[in-house]
Amino acid sequence: YLLNCENLAYDSDCIAEHFMLNPGGGAAAITGSSRSAYPWSSRFYMNEYYRLMFDEDIVQLGKLHFKSRELYTCNAFNESYDRWTHFILNYLGDPEINMHRGVPSTFDVSAPASVPFGHNEIVIQVSDDGSPVDSAFVCLFKEDDDYQYGYTDPSGQIAFPDFLVRESGTISVTVTGVDRCLHETSIAVEPETAAYLRIADVTPDDSGGNGDGAIDAGETIDLAVELFNSGGTACDKLWAEISTDDPGVTVTGGVSIYPDIPAGAYGSNITPFSIAVDPGLADETVVEFLVEIHDSTGGYWSEDFAAEVHAPELELYVSSVTDSAPYGDGDGVITNGEPFLLRIGVKNFGTGTAAGLQGVIREQGSAINTIDGTADYGDIASMEIGYGSGFVLSEANVSIVNRFVFELTDMYGRTFARSMELRGPNAPSDLYLDSSVGSDQIHATWNPPDTLEDYRYIVYYATTPGGPYEQASTDLILHRLYRIRDLASNTRYYVVVAAVDSCGNIGPLCDEVSETTNPPQLAGWPNAVDQGSSSSVGVADIDGDNETDIVFGAGNIFAWDHAGQELRDGDNMPLTWGVFAVEGENYTSAVALAELDGIAGDEIIGASWNTKEIYIFDKDSSVLPGWPKPTADLCWASPVIGDLDGDGDLEIVAYDIDGIVYVWHHDGTELLDGDGNPATIGPFFSAGLASDGWHVSTPALADMDGDGVVEIVVAAPFDSIYVLNADGSLAAGWPVYIGDEASVGGSPVVGDIDGDTFPEVVLQNTAGGVAGLNHDGTPMPGWPLWIYGNHFFAGSPA
């Protein structure tokens, strides 16, 4: 049971399908969510699921899945979390699998050893240690012949009074029950030496109707019923009679003769059976027929078959109005009394063809003037749209609602009528596009024009502003959201939406909004981590194979190769992917990557937030000797690496939220005892005060004085920018005061901006100021600059 976000998103590479399809074993069935789930509402569905299982003895997983939703279906008709949950809750697996709630017991099953051809009464007895078992579920199945099921009564018995056997073989018997092992047995079919006739195929001939090869309401149909002799003897002088109890079908030719049919051969009726289907029969009505077969020796066989009747189901689609010649003045604006051509769109949602459609407009009052009130629609096949030849009308006053009746009649006299008017809706508003759902998709949402009715919508898109637009959906959209699929990746699209009212009038397009699809993901990506993180991605060769690897800090340190394969299974858990090391907890800041141990492959330097430690991991995820190192408080600033003392050996610099700067050699020894305390290892300098707020700005390393050795550039909130030498002293001209009204969230950046070969420092503060300082701390001409960026997490300059 996985009713949490997207575990069963079967339209993507979801974990549920991996569980189901894993060749080494996995899940047999899964109920779960195909999209983001509401945690609050989801628990009610889960509680109902397990209540049904343990209190109501419902153990069939498919039935559990559906019945766990029934309690909340009454809340799912409007846009609500229950409606959303109904859509996203899906099931993978055989719906008839039973869940055992403990160690299952077994059945004793008694069944006939064999049965003859024909209609049989089969009695099954189910017991357990001599005691009858009530409500055991029994299923009989004979391929191509019959399938029946039911529950045993309190005596442990169930009778199947009419199980049909038409060919040799075996009948499969399965018995299941609550907390019972599946019991399987079989019943043999006795050989049939005499003739035995069964129905092999039924073919309708509707050449007198619309000729689509299906049984449509309103048609007269000839039926060819093919028989097969599955017995051991030929039969001759055959005739058969067909009948039905369905009042919607009349048998007009119910008797037919057949040729002689040898054993193992087929034969079709020489004269067809004929039926007339009522035009009012609903689409997809299933009609049961009985065929009774006789031969010259008094042989008699009977068999049922079912046939589906098809019928159209018409709905208004989208209408179009034009005043082009020869109807009006062609200016695209319908005015009072101006003739125009109205084409009313109709879509057939039924499975049968709407044949020979003729349309008519009936006026309701004098406001509508019908110039040409008839239109030929012809045939509209299933799921097709027809507009007809069009009606020519005029309206005395186009600023008010003028109603009329639109009526369609087909060749069988069926009518479709709607009261209509031609004032269309306004445009939808607040169109919003989201391209984060995939590189070939854009998710669109919008608000309705008003609350006068439940509108339908059409979404259009284009690759150039203003169109030409392509319709995104093949049908009208019933909700205020739509996902446009199969788009080109990394491409800007321009999207508009129009509303369609209940009369088929389409309104104006909403304001155009554009969005760019994402670039496609490389194979093996994306990869999930264990929690959200503000860490930046690090890129380097970690395992020493001269290939680029990707490192990321989240709850743990994660690392993959360029193809998305995890570098190692650091947590020894097959269900996770990419965990490199489990030491430390919550790596919120970006990791640093550098070669420290002399072995091919960069080491990973990370600041563990929860344990307040700095870790260094080698390519095998082992912690380097001398590490981790504790810090007085957590570090949100990222570690940085550089040679501070000029000895060719890299040092590690960290900066905690209290303002303490730490510096260690790669072996974990401190560069100097900056706090004068032998009990601590690493404190180098205190920048500002802890009481000034969190120090989150990552330090920069740069040769500020031209001596060939890098210095540390670090910013303290509500205080100053410091430049520190390797001996802990301040570089000349530093610190530079930021001010007590401005904090620092971003990091300082260093580079030669003015081309004088000396580095400059640029830093943005939370008051919107951007400082530009020369290498000696003096302000650059024209600086500071001001931008709208008064936020603690204002970004670092580049």
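The model is predicted, so local features need pLDDT of at least 70 and side-chain atom pairs count only at pLDDT 80 or more, while totals for chains, interfaces and linings use all residues. Residues are numbered from 1 along each chain as its sequence is written, and side-chain values use heavy atoms, leaving out hydrogens and water.

**Select 197-309 and 314-391.** These ranges are domain 3 and domain 4; the others are domain 1 (15-93), domain 2 (111-189) and domain 5 (429-517). The bounds come from an automatic or database domain assignment. The C-alpha centres of domains 3 and 4 are 42 Å apart. Domain 3 brings 5 residues to the contact and domain 4 brings 4, where contact means heavy atoms within 4.5 Å.

Together the two domains bury about 330 Å², of which 38% is on carbon and sulfur atoms. Buried area is the accessible area (1.4 Å probe) that two parts lose on being put together, summed over both.

**Select Asn210, Asp216 and Asp283.** They supply 75% of the area that domain 3 buries against domain 4, more than any other three residues. The side of domain 3 that touches domain 4 has 4 charged residues, 1 polar and no nonpolar. In this scheme Ala, Val, Leu, Ile, Met, Phe, Trp, Tyr, Cys and Pro are nonpolar, Asp, Glu, Lys and Arg are charged, and the others, Gly among them, are polar. The number of salt bridges between domain 3 and domain 4 is 0; a salt bridge needs a side-chain nitrogen of Lys or Arg within 4 Å of a carboxyl oxygen of Asp or Glu.

**Select Arg51 and Glu48.** The whole structure has 16 salt bridges. Arg51 and Glu48 form a salt bridge, with their closest N and O atoms 2.9 Å apart. About one helical turn separates Arg51 from Glu48, because they are 3 residues apart in helix H2 (residues 39-55). Helices (H or I, at least four residues) and strands (E, at least two) are DSSP runs, numbered from the N terminus.

**Select Pro526, then Pro735.** The Trp525 to Pro526 peptide bond is cis, with omega near 5°, and Pro526 is in the loop between strand E38 (513-516) and strand E39 (538-540). The Trp734 to Pro735 peptide bond is also cis, with omega near 10°; Pro735 is in the loop between strand E53 (720-724) and strand E54 (736-737).

**Zoom out.** The C-alpha trace spans about 120 × 90 × 45 Å along its principal axes.
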